[in-house]
Amino acid sequence: PQTLAGNTTFNNLTIAHSGAGNVDATGSTLAVTGLLRVQTGTFISSSSFNNVQIDSGQTLQSTGATMNVSGEWTNNGGRVTDRKRAG
């Protein structure tokens with residue numbers, strides 16, 4: 001698993017995690033002003049994003065808190081889940 005921590009702003013962020021576990025930004029203050037792309041794996045975050053793209057078979061999972069998307073939302077066959085509901 002990989003963890004993103006702290007208060008960070010990215011222009012673009014691509015999640016391409018092929019190993020075991022997830023990429024987890026729980027508890028961080030994360031903002032993506034360009035494109036957040038979940039290309040491979042599962043990304044766990046409830047942050048502020050401009051544009052979001054989820055590729056086929058991949059997952060964007062909310063931490064259970066509010067996730068804000070201010071731009072375009074593109075789901076190319078991926079999943080959006082909520083950690084609180086997922087168990």
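D55 is buried, with a relative accessible area of 10%. In this predicted model, the D55 side chain meets that of R37 in a salt bridge, at 2.7 Å from N to O. A search of the whole structure finds 1 salt bridge.

**Salt bridge**
- The pair links distant parts of the chain, 18 residues apart.
- R37 lies in strand 5 (residues 29-40).
- D55 sits in the loop between strand 7 (48-54) and strand 8 (59-62).
- R37 is partly exposed, with a relative accessible area of 26%.
- D55 counts as buried because its 10% falls under the 20% cut-off.
- Side chains of opposite charge can pair when their charged atoms come close.

**Nonpolar core**
- The largest nonpolar core has 13 residues.
- L13, L36, F43, F49 and L60 have the most contacts inside this core.
- Strand 3 (13-16), strand 5 and strand 7 each give two or more residues to the core.
- Strand 5 gives the most, with 4 residues.
- Leaving aside residues up to four places away in sequence, L36 touches L13, I15, F43, F49, N51, V52, Q53 and L60.
- In soluble globular proteins, nonpolar side chains tend to be buried together.

**Strand pairing**
- Strand 5 and strand 7 run parallel, joined by 6 bridges.
- R37 has Q53 in strand 7 as its bridge partner.
- Strand 3 pairs with strand 5 in the parallel sense over 4 bridges.
- L13 has L36 in strand 5 as its bridge partner.
- Strand 2 (residues 7-10) also pairs with strand 5 in the parallel sense, over 4 bridges.
- T8 stands opposite L30 in strand 5.

Notes
Residues numbered from 1 in each chain as written. Predicted model: local features only at pLDDT ≥ 70, side-chain atom pairs only at ≥ 80, totals over all residues. Heavy atoms only, no water. Salt bridge = Lys/Arg side-chain N within 4 Å of Asp/Glu carboxyl O. Buried < 20%, exposed > 50% of the residue type's maximum accessible area, 1.4 Å probe, protein only. Core = buried A, V, L, I, M, F, W, Y, C linked by side-chain atoms within 4.5 Å. Contact = heavy atoms within 4.5 Å. Pairing = 2+ DSSP bridges.
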